Amino acid sequence: MFMQADFDGETEEAETQVTFGGREGILFAIDTSATMLEENESKECNLRTALEAIEAAMKNLVVGNQKDLVGVIFYNTIQSPRSKFEADSVEIVVPKNMSIILPMDAPSVDSISYVNNFYTSDDLMDFHNKYGCCNDATFSDVLWLCTRMFQKCGYKLQSSAIVVFTDNPLPHAANSHEYNQAMVRAKDLSQLNVEFSLIPMQENFDGTLFYREFICTAMDMDLDHFQLDTFVRDIETISNRIYRRNYRKRCNNYLKFTVGDGVDISVGLYSSIRHTKYPKSISVHRDTNELIIKKRVQEVYNEIEDAPMPLLPNQQKKYQEIGGKKVIFTTGEIATMKTLLPAGIKLLGFKPRAAVAAHHFLKNGYFIYPDEVRIEGSTQLFRALWQRCLEREKVPICIMTLRQKSNPTYVALLPQENISNDQEQIEYNGFLVIHLPNVDDVRDFDTFKPETVPEITPENVELYEKVIKKLKFKYSPKQFDDPALKNIYSNIEAFAFKTDGEQVEDTTLPDVERQDQKIADLVTAVNAEFGEITIESGSKRKTASTENGASRKVPRYTDEITEDQILAEFRAGREEQLTIKVLKGYLQQIGVSGVSAAKKSILIDKIRAYHNL
């Protein structure tokens, strides 16, 4: 059995996808002291704001990865009622003055609706009688409960994160026993690789009293690099902070970087930009909603047994047609031909930094950082190369093979330093991998050059420089959402929660009115220099006609089509342009059976036979 050989194989985008073991878990701990429940005139309080932000974050996590686990606990409560979502098989001893609201589990419609109903109810689901508020909870016990919930979640966790909402900058007095216990727990979090985030719920929150030392200890961070988020009440901003903090900087792959003969270091490969995928549609049974599992099987017909037989992979061969002849290859031979170089990065030489121009951009690149685990000493040699390239403004030129059977590509390693923008780091110390184009990738635009080029004066250029300067704006990816993706999730969310879907605004469309206002003082000068611009509407395409001039366009019919209409279409030779729905509807009207699964040609033959056409 021969099949057409695929020498291109999988695309590199598919090959760079790495499967990571375990799930991600995030646990929200909310301080429910009396100050968190103080309401203003519009019945807004910090507890409601925190729960609303958690609801938005849970929806973001559902979009990001439906298998992530989420939990919610209250601390500084008087009573500890059992959660309605807590399973009987999971036994967790809840410390005093704490309560589990949502145990660690994947976000569901029920859990998200429960959080929504909690903060939208007038009395917060009878909070004062059911939970109560105090200031007696020990912060070290809060962290113990969080780590215990991570351990008892029933899944292997790849990463864990704790997010605390509080308006109390000093939960315990300095140098007290409880203070020291909390710092011991911070060291435990660092050893367990549990991330910790703080969402301040009041203005002028002084993070230096307690949380500066705690967070730097838990996150293994230098005290000078500590920076606390400012207080905001915007739910979208808070939920985005939670989502950004919980996002792990995952390594796509580890490669061996050959700097010279016998000199190798290990580097980690990270994706700087990756396109967000649209949710996949899942086939279910129309009547029972059971999941339909598709399985592709290749079969051959056995003439001796008069039955099809499955074709196993080791029984298959592939071919490539060259010069009218089928050249046959085995699966192993194709794999050998695809493996041109072993996976890794090999240094070829250096070029000036100016040699890598913007028009050399081929596709999204990667970011590499040293990996000390696999080859000891990689960080020191990597840093020396990085610093030397920055000082001399040089760019290493390398050949990179991502994995076995992937095509090697020429890349430039662009050294970059830490750059922050609006209190957010956007570039890091390391090398940015830029894919260099081959000769076949460069397009020739000589054929598009016009024969005559209009003369342009320096005054014309200066005028349009002013226009461009007026229309410039500071770009940030956060300003633009994918309207199609946002519309899909908006409709899914509205269907799941039985609500009206929100109107999705297309942020990619330009603000024409604002543009007109900014260049209003230059329009007169542009018209004077280049003449008034007139936009001609494109002419509509003429409908195709037959030889006698009659239009071949078929009228749009509904299911109820008359006998005269169907005969007119058949006599005019337009029966092939009628839809299957119209043909079936007419045959059912005249009482012809056996049309439910018939093809279009059979439906046409039945009508011809019925009317003797």
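Student: What is the average pLDDT of the protein chain?

Tutor: The protein chain averages 82, and 85% of the residues score at least 70. pLDDT is the predictor's confidence in each residue, from 0 to 100.

Student: Which elements have the lowest and highest mean pLDDT?

Tutor: Helix α1 (residues 12–15) has the lowest, 39, and strand β15 (residues 394–401) the highest, 95. Helices (H or I, at least four residues) and strands (E, at least two) are DSSP runs, numbered from the N terminus. Over residues 1–20 the pLDDT is below 50, and below 50 again over residues 543–552.

Student: How should I treat low pLDDT?

Tutor: Where pLDDT is low, the predicted coordinates should not be read in detail.

Student: OK, the core. Which residues touch the most other members of the largest nonpolar core?

Tutor: I73, Y75, F139, I162, F196, Y211 and F214 do, out of 36 residues. A nonpolar core is a set of buried Ala, Val, Leu, Ile, Met, Phe, Trp, Tyr and Cys residues joined through side-chain atoms within 4.5 Å. Buried means under 20% relative accessible area, exposed over 50%, partly exposed in between (1.4 Å probe, protein chains only).

Student: Where does the largest share of this core come from?

Tutor: From α5, with seven residues.

Student: And what does I162 contact?

Tutor: Beyond neighbours within four places in sequence, the contacts of I162 include L27, L143, F150 and F196. Contact means heavy atoms within 4.5 Å.

Student: New topic. At what angle do α6 and α7 cross?

Tutor: The axes of helix α6 (residues 177–192) and helix α7 (residues 211–218) cross at roughly 25° and come within 7 Å. Axes are lines fitted to C-alpha atoms, for helices over the stretch in contact, and angles run from 0 to 180 degrees between N-to-C directions. So α6 is roughly parallel to α7; angles under 35 degrees count as roughly parallel.

Student: Which residues make the contact?

Tutor: Among them are Y179 and M183 of α6 and F214 of α7.

Student: Last one: is H285 buried, exposed or partly exposed?

Tutor: H285 counts as partly exposed because its relative accessibility is 35%. H285 lies in the loop between β8 (263–271) and β9 (299–302).

Terms used
Residues are numbered from 1 along each chain as its sequence is written. This is a predicted model: local features need pLDDT of at least 70, side-chain atom pairs count only at pLDDT 80 or more; totals for chains, interfaces and linings use all residues. Side-chain values use heavy atoms; hydrogens and water are left out. Angles under 35 degrees count as roughly parallel, over 145 as roughly antiparallel, 65 to 115 as roughly perpendicular and the rest as oblique.
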